[in-house]
There are 4 protein chains.
Amino acid sequence: MGKIFKITSFGESHGVLVGIIVDGVPAGLDFDLKFIQNEIDKRKPGQSKLTTSRLEEDQVKVLSGVFENKTTGAPICLVIENKDMNSSVYRKFKNFLRPSHIDYSALRKYGGFSDFRGSGRFSGRITSGFVMAGAIAKQILKKYDITIFAYTHSIGNIIDERVYSFDEIERLYEFREESQIRAINHERSILMVQLIEQVIKQKDSIGGTIKCIAKNFPAGKGGPIFNSIESNISKAIFSIPGIKGIEFGAGFKAARMKGSEHNDPWILKGGKIQTTKNDSGGIIGGISTGMPIEFTVAVKPPASIGIPQKTVNTKTMENVEIEFYGRHDPCLIPRVIPVVEAMTANVLLDFLLLEGYIPRVLES
Amino acid sequence: MGKIFKITSFGESHGVLVGIIVDGVPAGLDFDLKFIQNEIDKRKPGQSKLTTSRLEEDQVKVLSGVFENKTTGAPICLVIENKDMNSSVYRKFKNFLRPSHIDYSALRKYGGFSDFRGSGRFSGRITSGFVMAGAIAKQILKKYDITIFAYTHSIGNIIDERVYSFDEIERLYEFREESQIRAINHERSILMVQLIEQVIKQKDSIGGTIKCIAKNFPAGKGGPIFNSIESNISKAIFSIPGIKGIEFGAGFKAARMKGSEHNDPWILKGGKIQTTKNDSGGIIGGISTGMPIEFTVAVKPPASIGIPQKTVNTKTMENVEIEFYGRHDPCLIPRVIPVVEAMTANVLLDFLLLEGYIPRVLES
Amino acid sequence: MGKIFKITSFGESHGVLVGIIVDGVPAGLDFDLKFIQNEIDKRKPGQSKLTTSRLEEDQVKVLSGVFENKTTGAPICLVIENKDMNSSVYRKFKNFLRPSHIDYSALRKYGGFSDFRGSGRFSGRITSGFVMAGAIAKQILKKYDITIFAYTHSIGNIIDERVYSFDEIERLYEFREESQIRAINHERSILMVQLIEQVIKQKDSIGGTIKCIAKNFPAGKGGPIFNSIESNISKAIFSIPGIKGIEFGAGFKAARMKGSEHNDPWILKGGKIQTTKNDSGGIIGGISTGMPIEFTVAVKPPASIGIPQKTVNTKTMENVEIEFYGRHDPCLIPRVIPVVEAMTANVLLDFLLLEGYIPRVLES
Amino acid sequence: MGKIFKITSFGESHGVLVGIIVDGVPAGLDFDLKFIQNEIDKRKPGQSKLTTSRLEEDQVKVLSGVFENKTTGAPICLVIENKDMNSSVYRKFKNFLRPSHIDYSALRKYGGFSDFRGSGRFSGRITSGFVMAGAIAKQILKKYDITIFAYTHSIGNIIDERVYSFDEIERLYEFREESQIRAINHERSILMVQLIEQVIKQKDSIGGTIKCIAKNFPAGKGGPIFNSIESNISKAIFSIPGIKGIEFGAGFKAARMKGSEHNDPWILKGGKIQTTKNDSGGIIGGISTGMPIEFTVAVKPPASIGIPQKTVNTKTMENVEIEFYGRHDPCLIPRVIPVVEAMTANVLLDFLLLEGYIPRVLES
């Protein structure tokens, strides 16, 4: 993924490790491993009672591309090791197709040779690599005052309908960090947590939506057709397991609007050209308008639940009902949020490198 | 776009022509120009009172890649010429930023050098090229019994909520072709047409949604992460001007569901493994399940309306109110439908060529 | 080919036309069609008695990407039409494999569906597209004082061994333009012309070598491994039909040298770091050193000759001896020279756009 | 590099490790780590008195993509660690530009941030990754009876002019393995070794050429223009540090030949269409002919020598004469041979996967 800032993912959930190669990182960046570790910690399992009980240190290790604490311009390889694995349960269910899990698709694609343990290559754990790359991208973007922020927009039917300005959101950053589910609405967050607790009791799972906003992305970047910002962001976001939809600006609501409602009027404000509202989500014709880039993603409920389900035994070729078990998240939202932010950072940085807005060697 | 079946778009709305290069077309395909013309006619302006009054013949010309009525394996260049252009109106409004139009983004990206006439490179007319490429892709997919069908799911608040089986949809093909707005629900289509007629009277415009289904796409194609079917389809779909969102299977509804509702149970039916429902949209883990591939896209209301709007004069740098006029569509849906089908065909064919499922030389 | 400055080739030797799409051209360039036409004229058939007698006007037409005589930033489509075609001869020899021609390879790849007339897609005529793209690239590079110059280094055993400085070469530009074979050495050029005239009498053909030099390409561009300048230039050069080899700097001579001979000593001269000689060809570790980029390419003798040759009739599957005839070049060198220059320009410009050295919008 | 069989290189000479990610490896291959280790051992430093005295175990470790001893279809990450590093010498010479070394180019590209120790990212050690990838590719190609063989064609002026049939070469495989310099000509190999020993005494270095042949590569693979086999092989080969030239088939000799000499006549032999000789090097029009693919590469003498050299001190900006020292190879040829073979395997496999000749899941 990427044309200059390129990322290559490798590793499996229950293999030796999970990693990422980030090529095209400008030389001369102060390498802040603490920041990367901090980002990874947000995606780490076992953060709270609301996430899977798998325990991983997820200590980030740097294998290449950094010298005397600066990036060199060479590919950076970052890895985290796998430790708390329990593969026996996967072996037990090997011949049963878990509903809405990758089992059947993978069987057909890889002819039975794929690593089935912990969903192997399809595990959400793979996204740790995206987060590590994104943490580098965020550091570079920040030098250009570009920040990215995502939060829990809904869990099941509990929706945070409020429209926040970017400034408000930034003030709520600390709140989000302390919120178990990364919401920024106090009242809604209580209901969301209650809903998840209830779902845990039912051995079930629940979906949700995430809103993501990028501030200060300059106008005039991106392009029409295949090079559109939406094309590149959506491609990156759908690389995250469990995503079912994405909409920019007014999104699906735009489909119900008239042009006179949806159009964002241009206005001069303090000598700067901007729009009075942002139903376009900061992008028109695939190119940035200078307004915040805004989009919402739909995340499905985790497929792994503790309730008996109908499925097929591929060995005996019989219809069966079976109860799968294992350690899983009741809701993906809190742990997907850092991944969505990271992927957005990776895509936006690539655009700015490609257009020469950010140079290939950074000033100290 | 594409790895084997590659398309390269060129041309402008008010330039000489609009065209497409399609590379990677297997050799030996009977080249059916009539079919391509027929697909282009579905996207053509002036089809009915519900579309723009620009009149174009849109006659498809073949410039390369076909010999003795067969594809040769060489790049195929297809073009349509521009004839009924009226550029004076665009020249008049040159210094005014049309709200939710590409004017400002393009100004910032191309420094004022882009062809502003008829939105130039950003015009929906560019998608004619996608349709021509898609018409080739459809012909090849059809040899493998893979068909793609899109229809109007909603116009404004008029929504066709019915869930159709693919067989039903196929029976409704003729109905859709005769429907001015490419709906397949008789009753709803009447309301939709009425809504558009009302919008025309108001000199306004209206958005809508499109549902697209692909049948008989084989299981086990696509891949995890960056190679996911969703990543590739969404990238292609967001290349179409006016798209604000995309969702696969249950999509944003999945975000409100529990795992026990959303999971698609596996079942043996006639010796074949399938799911009893298709909330996954035919894709799990980025890979096809063998069930129909289903997605919905949100299309914004056209930005061009005949109602006075607030904006900025970039020459005088003043806030102004202005009424733009020109020939435009009140609703994009009917003409975007063939484009969505075409882009889906382009993406799905590329996957099948890439995995060797469809060979590089076709049998007669 | 290319990452930002991307070219897509289409057309066939005996089809409607031959063309090129050039994407990624910076906006705001004064579009000099005369210069492009002038470059194409250098590659045109029928320039002198030493080239094929096929007569083509090769008038360059602009189909997109230019508006009010400036580049817009949109893809530029340039074409030349085919007129003086005589396909009957190709039809006659359809079942015979011309030695060292594409017939057999193409048969195996395209299953007999490829356009065999005039070698179709494999014709040297395809390189007209490269030259048109290169003419655009040269115009942009010239704004940054970067010039590219190629000349005839040898025809058969007549070799121009002299080492020219770039300044000398520039003074010889006019000479080259008037030389029928694009040599810059007066005495050698006479012998070269004599050799070709002799080869024409023998109905045979002859190979040769071309030296190409690029001046003022800035230091520090390119990259190690897959992004090396040599990798990218060689990839582009081997896209030209008839090329058998490429060497940079001392090239194959370096293989016979000791390190103490081959190493280029660094020296400060006028405050500027440079090397006292340039056996490295201006590239070390895949990255430019600021010295001229120099390479030599080997061009094979044209496969089309008028002497009886042994081959196979693929219809009867018999060994036969046959005399092919048609209109062909006795030596490719003079007409390949503008192609080599063009391809070098395309590659070097792409590097400079990719590193942000040349911006995406040009100042007037 | 690559479209399906993609390799991503990372690591530095004096960093933690050197590695490669190989994506697109078909699932179901018996993973033969011994074979990979064996290939790496051929490139390992310290094999004989004729190579650098750096001592590395170069033990290959598998970090991902293999499960129950089979490839899974997921990216395979292979690494070797760096152990015997002596970086102090590089630190000492940090401000001096080593002639024909990467120092100046890298300084200009990376602004002084690159890892200078042992040439860091530009070290020949990076090619270990290519060899590991190539070892996987070779295993797959072998299942389809395709073998690749490279040998020492010349060291300095000692040239092995003999033309070997592929069968002869295969019989000489053991001889090459035991030869310190990977030559296959007994008499010449003695002279080559003597020459290198003499060069070592002089603290100098020497260049050479390598011939590489691939047998049983099927006809009809590759493509015209940018997709030519030569374009792809040359791109890969010039990724190897120290390569100055490449020629296919008759190569630079073809430039001196007439068409009647160079053309390879077609002949029916045992019902099979083939050529009586192979000056085309198994490729015509960028596409394979079914004859062996043959090419020769020129390798420069190592830039590191123990003789005083003129250069510049970039700190004081003065011309100086200095004697660099360190542990280096007197001649790169023996250790580059496995790299050339590996890169060829990587490219050829990618072509066969891309054309569906080799499936994405291998039969046991």
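A: Contact here means heavy atoms within 4.5 Å, and on that rule 94 residues of chain B are in contact with 93 residues of chain A. This is a predicted model, in which local features need pLDDT of at least 70 and side-chain atom pairs count only at pLDDT 80 or more, while totals for chains, interfaces and linings use all residues. Side-chain values use heavy atoms, without hydrogens and water.

Q: What is the area buried between chain B and chain A?
A: Buried area is the accessible area (1.4 Å probe) that two parts lose on being put together, summed over both. Between chain B and chain A this comes to about 7,500 Å², with 63% given by carbon and sulfur atoms. B:F226, B:K244 and B:W266 supply 11% of the area that chain B buries against chain A, more than any other three residues.

Q: Why is helix α1 of chain D called oblique to helix α10 of chain D?
A: Angles under 35 degrees count as roughly parallel, over 145 as roughly antiparallel, 65 to 115 as roughly perpendicular and the rest as oblique. Helix α1 (residues 33-43) and helix α10 (residues 333-354) of chain D pack at about 140 degrees, their axes 7 Å apart, which makes α1(D) oblique to α10(D).

Note on methods: Residues are numbered from 1 along each chain as its sequence is written. Chains are lettered from A and ligands numbered from 1 in the order in which they are written. Axes are lines fitted to C-alpha atoms, for helices over the stretch in contact, and angles run from 0 to 180 degrees between N-to-C directions. Helices (H or I, at least four residues) and strands (E, at least two) are DSSP runs, numbered from the N terminus.
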